[in-house]
Amino acid sequence: MALSKPFLSRLLPLPLRLRPQLRLLCLATPTPTPTDDVQAPADASAERRRRKRRLRVEPPLSRGPAPQRAPGAPRSASNPNAPKIPESAAVLSGKRLDLHRRILTLIRENDLDEAALLTRHSIYSNCRPTVFTCNAVLAALLRQARYADFLSLHRFVTQAAVAPTVATYNLLLQLYCDCRRPDAALEHFRLLLKDDSPVLPSPTTYRILARSLAENGKLDQAIELKDGMLERGLVAPDTQVYAFIMGGFVNAGDGDTAVSLYEELKEKLGGEPILDGVVYGNLMKGYFLKGMENEAMDCYAEVLGEGSKVRFGAVSYNMVLDALGRNGRLEDALKLFDRMCMEHDPPKTITVNLGSFNVMVDAYCRAERFQDAIEVFGKMAEKRCAPDALSYNNLIDWLGKNELVGEAEGLYEEMAERGVNPDEYTYVLLIESCFKVDRVNDAVGYFNKMFDAGLRPNANAFNKVMGGLVKVDRLDEAQGFFDMMPEKEVKPNIASYELLLRAYVDAARLDDAIKIAKGILLNDSVVFSDEMKSLLEGALEKEGRDGDMTKLYEDVEREKAEAAARAAEEKARAEALAKEEEERKKAEAKAKEEAAARASRAAIEAVLGRKKEEEEESADGLNVEEAEVVESNRNTISVSEEQTEGDEQKRLLC
């Protein structure tokens with residue numbers, strides 16, 4: 001039975017009947033006043049819709065609890081330009097973890113293009129990749145030296161507001177260091193040192209920069225980096241940072257600074273023995289540079305003797321091994337290498353790597369034991385080390401310099417068997433080796449093989465083959481390679497010009513020398529040095545051709561003026577063509593506008609014509625109807641008059 005409203009109201013208690021506006025099912029909503037009881041629900045629902053739209057457009061990057069504001073505290077204004085805090089590892093779960101695993105599978109399959117593409121497509125999807133996923137793809141691109149693809153993907157994820165971690169910064173710094181751009185790396189490093197940076201540099205950050213600065217000879221900046229590391233206190237004194245800087249001073253021949261840096265590191269660590277063996281190789285080299293051979297060998301015996309607690313890995317072993325091999329301690333180096341091979345037990349203990357074999361090859365070659373070097377090079381496979389192009393080039397260089405061309409060519413053939421692609425430097429080394437033993441045709445053949453292999457030799461490679469041909473008085477062939485450079489899109493450098501200029505002067509072919517000199521003067525990218533100018537002038541004076549230099553400069557000035565005139569004429573012609581094209585486009589646009597206007601007028605006139613016809617037809621129909629009405633009225637009036645006259649006559653008769 002349905003209950004009526006009056007009956008239901010009688011069932012309620014009296015207080016509830018006195019307050020009918022109380023909402024029983026919406027306890028969180030305040031009681032509206034009589035003036036806003038209609039507007040308030042609408043405002044609340046509108047606010048909820050706006051909040052939902054905002055959440056759909058800007059989904060939260062993490063599910064962590066929102067920070068609570070203290071009661072009565074003022075609301076903090078959010079800064080949209082403030083750097084975002086990177087995500088924590090906890091976000092790598094659910095669908096985002098599945099996406100991460102899928103991209104890692106593509107990386108293991110070496111399908112980096114698909115991995116990068118999937119990362120891009122997922123950025124604006126409902127399954128946004130984490131920064132850890134992006135870092136994995138960036139690291140894979142960096143390992144394969146795909147620097148352009150790395151920068152493109154890094155720019156994309158940065159613009160997509162993926163907050164970088166310190167690993168992201170380290171990958172970017174490593175890229176610039178690999179490209180030998182330490183200044184650009186330092187600019188990005190300074191971003192980490194800002195007060196508002198949510199990311200702090202790690203020891204790896206300082207190691208990357210220290211190694212790059214030391215390898216590029218920027219030792220003052222390396223010292224500043226080390227001092228900044230100590231002053232800020234963000235990272236403890238790092239042994240690898242000191243080792244890299246010590247190596248830079250060793251390469252510069254400054255053993256005193258290398259030893260003083262070791263003493264400073266020992267002091268910073270409280271005077272205790274340094275247990276990381278990475279510093280001792282460069283320390284020994286510093287002692288050798290200072291002529292302190294006994295101190296170097298005492299250090300070696302101390303850190304590698306029985307009972308030593310110093311930790312050595314493959315890298316630190318290689319540094320000590322190199323120090324011994326470079327300073328005539330081959331027997332000690334052999335003993336250390338045998339020890340490294342015995343301790344090598346991958347994956348638990350790795351004491352031998354590709355660098356270890358390269359160091360031993362150098363040590364054998366310095367001692368002129370080339371067959372031993374070839375033998376130890378072939379033993380890499382026993383330790384699961386695969387030689388790369390750099391390793392082959394190193395041994396080919398040693399063999400070629402010592403006229404062992406047959407052995408060098410054997411290594412070149414072995415590269416193809418092992419699937420190692422020779423690079424431009426490999427062919428340059430073979431060219432130099434063949435020229436050294438007067439195998440000119442073979443040298444030219446190796447140069448031509450570079451094009452067959454799809455390589456693009458640079459100006460230095462051309463200079464090598466031209467220099468070898470010049471030494472055997474085959475100037476015409478050298479000139480042919482010089483003329484080939486523009487065809488191969490290679491710009492000759494000043495060494496290319498000076499090589500031929502000297503050869504023509506020595507061969508008394510002064511007309512050809514003048515042509516080369518003219519090429520130098522006409523090329524704005526090179527400079528005609530005073531030495532070359534004096535050489536040519538002296539040769540011309542001996543032949544009684546003093547006026548040829550004056551004529552040369554006059555010809556150059558005239559050709560430059562003609563070239564400038566042609567350039568100005570071409571520029572004017574191009575501007576005229578551009579102006580003509582612009583006027584043509586304007587005329588076409590005007591014609592289109594006029595045609596559109598005519599079509600519009602015709603359409604309007606057609607519409608107006610149809611409307612006029614309709615009005616005329618309507619008017620004609622109205623006139624006909626009016627005529628019929630008038631005629632009908634006329635007939636009615638005539639009938640009425642006749643009836644009136646009849647009635648009048650009847651009245652008179654009566």
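Student: What does the accessible surface of the protein come to, and what share belongs to carbon and sulfur atoms?

Tutor: The surface is about 40,600 Å², with 51% belonging to carbon and sulfur atoms. Such areas come from the Shrake-Rupley method with a 1.4 Å probe, and for residues only the protein chains shown count as cover. This is a predicted model, in which local features need pLDDT of at least 70, side-chain atom pairs count only at pLDDT 80 or more, and totals for chains, interfaces and linings use all residues. Residues are numbered from 1 along each chain as its sequence is written, and side-chain values use heavy atoms, leaving out hydrogens and water.

Student: What makes Arg384 count as buried, partly exposed or exposed?

Tutor: Compare its value with the cut-offs: buried is under 20% relative accessible area, exposed is over 50%, and partly exposed is in between (1.4 Å probe, protein chains only). Arg384 has 76% relative accessibility, so it counts as exposed. Arg384 sits in the loop between α19 (370–378) and α20, and its phi is positive, about 60°, although it is not a glycine.

Student: Why does Asn110 get its own label, at 49%?

Tutor: Because 49% relative accessibility falls in the middle class, Asn110 counts as partly exposed. Asn110 is in the loop between α4 (94–108) and α5 (112–123). Asn110 also has a positive phi, about 65°, without being a glycine.

Student: How many helices and strands does the protein have?

Tutor: There are 29 helices and zero strands. Helices (H or I, at least four residues) and strands (E, at least two) are DSSP runs, numbered from the N terminus.

Student: How do you know whether α18 and α20 are roughly parallel or roughly antiparallel?

Tutor: Look at the angle, which runs from 0 to 180 degrees between N-to-C directions; axes are lines fitted to C-alpha atoms, for helices over the stretch in contact. Under 35 degrees counts as roughly parallel, over 145 as roughly antiparallel, 65 to 115 as roughly perpendicular and the rest as oblique. Helix α18 (residues 354–366) and helix α20 (residues 389–401) pack at about 0°, with axes 11 Å apart. They are therefore roughly parallel.

Student: Which residues make the contact of α18 with α20?

Tutor: Contact means heavy atoms within 4.5 Å. Among the residues making it are Leu354 and Val361 of α18, and Leu395 and Trp398 of α20.

Student: Where is Pro347, and what is the peptide bond from Pro346 to it?

Tutor: Pro347 lies in the loop between α17 (330–343) and α18. The bond from Pro346 to Pro347 is cis, with omega near 0°.
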